[in-house]
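This note gathers points for a colleague who is about to examine the model. Please read the numbered paragraphs with the coordinates open.

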Amino acid sequence: MKQEQKFTRHIACIGAGYVGGPTMAMIAARCPQYKVTVVDSNAVRIAAWNSEGLPIYEPGLLELVKKARGRNLFFSTDIEAAIAGAEIIFVSVNTPTKTFGEGAGRAADLQYWEKTARTIAKVATSDKIIVEKSTLPVRTAAAMARILNNNDKGVRFEVLSNPEFLAEGTAIADLDKPDRVLIGARETDEGQKARDAIVEIYANWVPRERIVTSNVWSAELSKLVANAILAQRISSINSVSALCEKTDADVMEVSRAVGMDSRIGPRFLRPSIGFGGSCFKKDILNLVYICDSYGLNEVARYWEGVVAMNDYQKRRFVQNMISAMFNTVAGKRIALFGFAFKANTGDTRESPAIDVAKQLVEEQAKVVITDPKALDNAKVDLASYLSKIELAVDPYTAAKAAHGIAVCTEWEEYRTLNYHAIFETMEKPAFVFDGRNILDHRKLYEIGFNVFPIGKPALKHF
Ligand code: NAD
Ligand code: UGA
């Protein structure tokens with residue numbers, strides 16, 4: 001009991017995933033005066049959070065967790081105890097795209113979210129602030145408040161929106177120095193009081209001018225819009241990459257020239273084989289669904305185009321490979337360099353490499369995949385293809401006897417491999433398809449490779 005009294009606040013977080021774990025680790029590390037308990041229904045995940053082998057890979061995460069774990073940061077499966085003991089509850093459960101019924105393939109599946117609300121309503125015996133950390137459709141907080149406050153115990157809940165903007169691979173740096181923290185609250189006395197309590201938490205390490213407040217609906221919608229606009233920039237530059245390949249313009253030069261306009265800015269204009277990750281596609285499709293459900297069909301079609309362009313880019317990459325390799329890849333060994341959806345993460349959710357691998361297998365290529373962190377996930381993603389693919393930890397092994405290499409993830413280590421040695425072991429003519437434009441194309445060409453970057457003239461020996 002004495003032990004409990006030393007903490008000035010008791011915070012719980014439901015959902016110990018990519019967001020809940022790192023976010024709460026940051027709060028606990030920066031605020032030793034608060035007790036932070038992260039709970040999840042997945043016992044395996046919680047056990048991993050309590051071990052040296054955390055369930056997710058993020059640079060700097062283990063150090064951060066170790067700093068606070070057992071001191072004021074706790075991971076547990078006892079959801080009810082965590083709810084009962086906290087004044088502030090962050091909810092960070094998954095909100096995937098619905099796969100069934102009304103809105104299937106587009107709407108957010110809110111079943112995990114609603115289940116959490118019902119558990120909180122059932123267990124709580126004192127007033128609480130509930131913070132939406134998950135990404136949710138605009139106006140979800142209204143439904144949440146209705147479920148929570150419809151109790152006969154006289155317990156009141158104030159629902160806030162505090163969406164998370166961290167990106168995987170840089171989660172700890174993003175949490176440490178966020179561009180902004182957004183807190184949406186009702187414009188009532190209770191709403192503003194709850195808002196101040198959340199502002200106070202972040203103000204422990206985030207400069208006050210970076211903590212932005214708004215109404216609840218703006219906060220919920222801002223999260224969807226931020227992801228939609230980031231993805232839109234990638235689809236824009238990827239669409240231009242296709243035009244560059246037809247005109248001998250160089251998309252890297254175009255991207256640089258365009259991005260130097262201070263009104264546009266240089267970030268998120270890197271051409272690629274398409275964006276991946278658990279959220280861009282899901283959140284845009286959710287935005288599309290919301291727009292359609294309000295009868296804003298033109299708005300919906302506009303945002304749908306961002307996803308359509310992304311699908312096109314993935315298909316186009318494989319089509320380019322086939323056409324470059326004399327219109328057939330059947331029986332040819334092709335090494336995919338990278339399988340994660342981006343560098344510095346083992347996450348493969350919606351990774352464009354999944355589509356590339358599947359399309360190549362359909363074309364009867366012998367696909368071999370290498371990745372420093374994502375091979376375990378690759379096994380799961382390609383479970384029904386495992387008899388037709390090979391996984392190799394070592395990129396040199398993957399490339400051995402291959403006809404082509406396709407760079408799918410921008411891992412730094414792929415820049416500095418010994419491509420002379422790799423070339424020697426490959427079938428000739430040897431091809432490199434640089435889906436991330438990270439390699440030294442001129443040097444590869446001089447070694448003897450036929451090089452096909454994204455959105456740049458190919459360098460061919462024939
Ligand atoms: P995740 O799948 O990694 O984690 C969610 C966790 O919630 C899982 O461990 C699951 O077991 C748990 N859970 C689900 N229902 C539960 C319940 N009723 N009780 C207890 N635990 C439950 O998801 P994530 O990537 O952390 O994303 C969470 C939310 O944050 C999503 O809405 C996502 O859109 C958003 N988001 C994600 C990122 C990201 O980089 N991954 C960034 C910003 C926002
Ligand atoms: C993205 C957003 O950047 C975060 O702000 C947001 O919180 C998060 O989604 C979320 O809501 O889940 P994340 O998906 O982790 O973060 O990673 P990004 O760095 O945004 O990359 C997404 C994808 O776009 C990757 O496949 C990446 O390779 C690709 N990308 C990114 C490009 O193809 N070109 C670029 O210029 C930038």
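1. W113. This residue sits in helix α6, which spans residues 111–123. The model is a predicted one, and in it W113 has a relative accessibility of 3%. W113 therefore counts as buried, since the cut-off for that class is under 20%. Leaving aside residues up to four places away in sequence, W113 touches V91, V93, E132, S134, L136, T140 and M144.

2. Surroundings of ligand 1. There are 26 residues around ligand 1, and V19, D40, R45, T95 and K282 come nearest. By class, this shell consists of 8 nonpolar, 11 polar and 7 charged residues.

3. Polar contacts of ligand 1. A polar side-chain atom of D40 lies 2.6 Å from an oxygen atom of the ligand. The backbone also takes part: a polar backbone atom of V19 is 2.9 Å from an oxygen atom of ligand 1, and a backbone N or O atom of T135 lies 2.9 Å from an oxygen atom of ligand 1. Taken alone, ligand 1 exposes 840 Å², of which the protein buries 91%.

4. Which residues come nearest to ligand 2? Of the 20 residues around it, they are F165, L166, S272, F341 and R436. The shell divides into 11 nonpolar, 3 polar and 6 charged residues. Helix α10, covering residues 216–247, gives the most to this shell, with 4 residues.

5. Polar contacts of ligand 2. A polar side-chain atom of R436 lies 2.6 Å from an oxygen atom of ligand 2, and a polar side-chain atom of K342 lies 2.8 Å from an oxygen atom of the ligand. A polar backbone atom of G276 is 2.9 Å from an oxygen atom of ligand 2. Ligand 2 taken alone exposes 700 Å², and the protein buries 93% of that area.

6. N450 belongs to strand β14 (residues 450–453) and is buried, with a relative accessible area of 2%. Residues up to four places away in sequence not being counted, N450 touches P429, A430, F431, V432, L459, K460, H461 and F462. P429, one of these contacts, is found in the loop between α17 (419–425) and β13 (431–434). The peptide bond from K428 to P429 is cis, with omega near -5 degrees. Most peptide bonds are trans.

7. Most residues other than glycine have a negative phi. What is the phi of D248? It is positive, at about 65 degrees, although D248 is not a glycine. D248 lies in the loop between α10 and α11 (251–259) and has a relative accessible area of 59%, so it is classed as exposed, the cut-off being over 50%. N344, also a residue other than glycine, has a positive phi near 65 degrees. N344 is placed in the loop between β9 (333–337) and α14 (352–362), and at 37% relative accessibility it counts as partly exposed.

8. Cysteines. How many disulfides does the structure hold? The number is 0. C244 is buried, with a relative accessible area of 3%, and C408 is buried at 1%.

Methods:
Residues numbered from 1 in each chain as written. Chains lettered and ligands numbered in written order. Predicted model: local features only at pLDDT ≥ 70, side-chain atom pairs only at ≥ 80, totals over all residues. Heavy atoms only, no water. Near = heavy atom within 4 Å. Polar contact = N/O pair within 3.5 Å; in protein donor to acceptor, adjacent residues only side chain to side chain. Areas by Shrake-Rupley, 256 points an atom, 1.4 Å probe, with all protein chains shown as cover. Helix = DSSP H or I, 4+ residues; strand = E, 2+ residues; numbered from the N terminus. Nonpolar A, V, L, I, M, F, W, Y, C, P; charged D, E, K, R; others polar. Buried < 20%, exposed > 50% of the residue type's maximum accessible area, 1.4 Å probe, protein only. Contact = heavy atoms within 4.5 Å. Disulfide = S-S within 2.5 Å.
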